[in-house]
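Trainee: I have not looked at this one before. Can you walk me through what is in it?
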Amino acid sequence: MYDQAEKLRQLLRKTDNTHQENTIEKRTNNTRIMAVTSGKGGVGKTNFAINLAISLSNLGYSVLVIDADIGLANIDVLLGLFPKETISSVLTQNKKITDVITDGPNGIKIIAGGSGLYDMLQLNNDSIEHLKKQLIELESLFDFVLIDTGAGISEMVMSFVAAAHEVILVTTPEPTSLTDVYTLIKALRIKGHNNMLKLVVNRVENSKEALSVFEKLSIASSKFLSTKIENLGYIQNSKQVVEAVKNQHPFISLYPNSSIAKSVNSIAIKIIGSPIEDENSNFQNFIGKFKGFFANNKTY
Ligand SMILES: Nc1ncnc2c1ncn2[C@@H]1O[C@H](COP(=O)(O)OP(=O)(O)O)[C@@H](O)[C@H]1O
Ligand SMILES: [Mg+2]
């Protein structure tokens, strides 16, 4: 099964590597660690995460995207990249985190995940310490670290989401996507996590539909879960996303003047416009929460 998937990936990979290897200097004092997640799979998390990363990078911020979707890791495929290492080498071979970072387009950096992420579930104290030191290194390098997680409330997804200070929830207007994201918020709150929740509504017809989806979720969350959600914006349903996926290029670069690119840019600007002044939002805290999650929550 794995071999077939790997062969397919190799076939899909481009032979010409046109990605620039420019490096963007960090410009803010803190590092914002944001998990991009959803209740239901296939709602557009990975496409959103990559395009948001590029938008932030184009605005001059240094951005790292970590592919933390164990089962369906595919950032490399969407970007036509060839990552040689995954986060697993940091855990199993004591490698430096900087050794597993791959160059992506427009100056963004990527850490591939894949099956290596299973190692994170088996961390002993020594490897936790090593990982912590390595993750803290990232704080001197990046303004933003976006963690593209899997969907739902599995142990792995919940641990990444719970550890990140800011969480971007992606949903489509489909009722199933909405009820699943509501379940995710409920699971976070039941476990006592109080991360900042932000919503992006993907694949909408127009702004009216996006607003109605946001209102439904935010009213239910505030009424039944005492949880506030910030409206980050929306992305229209567009064939250009599908074309970009087929081309293995991010839509924001392929169609920079499209409404979907403008939507992502305005989301990036909104994020930059609401900086968090919280000293607990660093990697020291992230890894503490990540480990704590496994110690206390074996039920997922
Ligand atoms: N705004 C959109 N318009 C049209 N199709 C979209 C849009 N966003 C996502 N898709 C489709 O959904 C598929 C899955 O997107 P992906 O980002 O891989 O989802 P996830 O990471 O949530 O599983 C894409 O390959 C694309 O075909
Ligand atoms: Mg994905």
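Trainee: What span should helix 11 have, and how far apart are its end C-alpha atoms?
Mentor: Helix 11 covers residues 259-273, and at 1.5 Å a residue its 15 residues should span 21 Å. Its end C-alpha atoms are 21 Å apart, which agrees. The expected span is 1.5 Å times one less than the number of residues. Helices (H or I, at least four residues) and strands (E, at least two) are DSSP runs numbered from the N terminus.

Trainee: How should I read the numbering, and what kind of model is it?
Mentor: Residues are numbered from 1 along each chain as its sequence is written, while chains are lettered from A and ligands numbered from 1 in the order in which they are written. This is a predicted model, where local features need pLDDT of at least 70 and side-chain atom pairs count only at pLDDT 80 or more, but totals for chains, interfaces and linings use all residues.

Trainee: Back to helix 11. Which of its residues are buried?
Mentor: They are I260, A261, S263, V264, N265, I267, A268 and I271. Buried means that 20 or more other C-beta atoms lie within 10 Å of the residue's own; 12 or fewer is exposed, and in between is partly exposed, with C-beta atoms placed from the backbone.

Trainee: What do those buried residues pack against?
Mentor: Helix 2, strand 7, strand 8 (229-236), helix 9 and helix 10 (251-254). Contact here means C-beta atoms, placed from the backbone, within 7 Å.

Trainee: How do strand 7 and strand 8 pair?
Mentor: In the parallel sense, over seven bridges. Two strands pair if DSSP finds at least two bridges between them. V201 has Y234 in strand 8 as its bridge partner. Six of the eight residues of strand 8 are buried, so strand 8 is largely enclosed by the rest of the structure.

Trainee: And strand 2, how many of its residues are buried?
Mentor: Six of six, over residues 63-68. V63, V65 and D67 lie on one side, with L64, I66 and A68 on the other, and both faces are covered.

Trainee: Which strands does strand 2 pair with?
Mentor: Strand 5 (residues 144-151) is one, parallel over six bridges, with D67 opposite D148. Strand 4 (residues 109-111) also runs parallel to strand 2, joined by three bridges, and there V65 has I110 as its bridge partner.

Trainee: Which residues have the most contacts inside the largest nonpolar core?
Mentor: A53, V63, V65, L146, I147, A164 and V200, in a core of 81 residues. Helix 2 gives the most to this core, seven residues. A nonpolar core is a set of buried Ala, Val, Leu, Ile, Met, Phe, Trp, Tyr and Cys residues joined through C-beta atoms within 7 Å.

Trainee: What does A164 touch?
Mentor: I33, M34, A35, I147, N195 and F286, not counting residues up to four places away in sequence.

Trainee: New topic. Which residues are closest to ligand 1?
Mentor: G44, K45, T46, N47 and V241, among 16 residues that surround ligand 1. A residue is near if its C-beta atom, placed from the backbone, lies within 6 Å. Helix 2 (45-58), strand 7 (196-204) and helix 9 (239-247) each give two or more residues to that shell.

Trainee: Last one: is T98 buried or exposed?
Mentor: T98 counts as exposed, because it has 12 C-beta neighbours inside 10 Å. T98 is in the loop between helix 4 (88-92) and strand 3 (101-103).

Definitions and conventions:
Contact = placed C-beta atoms within 7 Å.
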